[in-house]
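Hello,

Please find the structure below, followed by notes on what was found in it.

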Amino acid sequence: MHFRTADTLDVPALIDLYKAVALRSGGIARRAEEVTEEHVKSFVEKSIERGLIIVCEHPDNDKEIIAELHAYRNGLKVFDHVLTELTIAVHPDHQGKKIGRTIFTIFLEEVARNMPHIGRVELVTQEDNTRAIGLYQSLGFRIEGRMEMRIKVHGNYQADIPMGWQNPNFEF
Ligand SMILES: CC(C)(COP(=O)(O)OP(=O)(O)OC[C@H]1O[C@@H](n2cnc3c(N)ncnc32)[C@H](O)[C@@H]1OP(=O)(O)O)[C@@H](O)C(=O)NCCC(=O)NCCS
C-alpha cells in the first residue's frame with residue numbers, strides 16, 4: 001500500500017471514493033448526490049493549506065484512491081491549535097483490511113512529530129458507527145459527550161458522538 005499526502009490533482013479520484021462510500025457503506029454525513037466537485041475541492045484545498053490530508057493509492061493502479069483522511073484548522077485564531085472537520089473514508093471493497101487503522105496512525109504520527117502547533121484533533125461520528133468509535137478509542141480519542149438526535153440516518157434520528165485526541169508534543 002502506498003500512503004502519501006494529497007494534492008488537487010486527486011480531486012476526481014476522491015469524488016469517486018466518496019461517492020462509493022456514500023452509496024455502498026454509509027458512515028459519512030453526506031449522500032452520494034451531495035458529494036460534489038465543489039465540496040471535495042474545498043476540503044482538499046483547506047487541508048493542504050491549513051491541515052493534513054493523507055491518501056492511500058490502490059496497490060495495482062495509482063490513479064485510484066482507496067482511502068483518505070483529512071482535517072484542517074477552521075481559520076479562526078482562537079481555534080488555531082485545532083484540526084477539525086475530520087473525515088475518514090475507506091473504499092467499501094477495501095474495508096476491514098487495516099487500511100483505516102494504518103492511515104489514521106500515519107496521520108496522528110505526523111501531527112505528533114511535525115505539527116507541534118496542533119494541540120487537538122477532533123471529530124464527530126454517529127452513534128451506530130460502533131466500528132469507527134472503537135477504532136478511534138484504540139488510537140487515543142476520548143468520547144467527549146453525546147449530541148442527541150443530531151443526525152438522520154435512513155429515516156431515524158441518532159445521536160452524534162464528539163471525540164477528541166490531544167497531541168502529546170503540543171508546544172503551547
Ligand atoms: C470506519 C472505517 C474508517 C474503518 O476503516 P477500515 O479500514 O474498514 O478498518 P480497519 O480494518 O482498519 O479496522 C479498524 C478496526 O475496526 C474494527 N473492524 C474492522 N472491520 C470490522 C468489521 N467488519 N466488523 C467489525 N469491526 C470491524 C475492528 O475493531 C478494527 O480494530 P482492530 O484493528 O483492532 O482489529 C471504514 O470502514 C470506513 O471508511 N467506513 C465508511 C465511512 C465511515 O464510517 N467513516 C467514518 C466516519 S466518522
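**The Asp-10 loop**

Asp-10 sits in the loop that links strand S1 (2–5) to H1; helices (H or I, at least four residues) and strands (E, at least two) are DSSP runs, numbered from the N terminus. This is a predicted model, in which local features need pLDDT of at least 70 and side-chain atom pairs count only at pLDDT 80 or more, while totals for chains, interfaces and linings use all residues. Residues are numbered from 1 along each chain as its sequence is written, and side-chain values use heavy atoms, with hydrogens and water left out.

Asp-10 has a relative accessible area of 8% and is therefore buried (buried means under 20% relative accessible area, exposed over 50%, partly exposed in between; 1.4 Å probe, protein chains only). Its side chain makes a polar contact of 2.9 Å with the side chain of Arg-4. A polar contact is a pair of N or O atoms within 3.5 Å; within protein, one must be able to donate a hydrogen and the other to accept it, and residues adjacent in sequence count only if both atoms are side-chain atoms. A polar atom of the Asp-10 side chain also lies 2.9 Å from the backbone nitrogen of Asp-7. Apart from neighbours within four places in sequence, Asp-10 is in contact (heavy atoms within 4.5 Å) with Arg-4 and Ile-65.

**Helices H1 and H2**

The axes of H1 (residues 11–24) and H2 (residues 37–50) come within 10 Å and cross at roughly 115°. Axes are lines fitted to C-alpha atoms, for helices over the stretch in contact, and angles run from 0 to 180 degrees between N-to-C directions. From H1, Val-11, Leu-14, Ile-15 and Tyr-18 meet Glu-37, Val-40, Lys-41, Phe-43 and Val-44 of H2.

**Ligand surroundings**

The ligand is surrounded by 20 residues, and the closest are Val-90, Lys-98, Gly-100, Arg-101 and Arg-131; a residue is counted if one of its heavy atoms lies within 4 Å. A side-chain N or O atom of Arg-131 is 2.7 Å from an oxygen atom of the ligand. A nitrogen atom of the ligand lies 3.0 Å from a backbone N or O atom of Ile-88, and a ligand nitrogen is 3.4 Å from a side-chain N or O atom of Gln-95.

Lys-98 belongs to the loop between S4 and H3. Lys-98 is exposed, with a relative accessible area of 59%, and has a positive phi of about 75° although it is not a glycine. Most residues other than glycine have a negative phi.

His-94 is in the loop between S4 (82–90) and H3 (99–114). His-94 counts as buried because its relative accessibility is 12%. Leaving aside neighbours within four places in sequence, His-94 is in contact with His-58, Ile-66 and Ile-99.

His-154, in the loop between S7 (147–153) and S8 (156–166), has a positive phi of about 50° and is not a glycine. His-154 is exposed at 80% relative accessibility.

Phe-170 is in the segment after S8. Beyond neighbours within four places in sequence, Phe-170 is in contact with His-81, Pro-116, His-117, Ile-118 and Gly-119.

Regards
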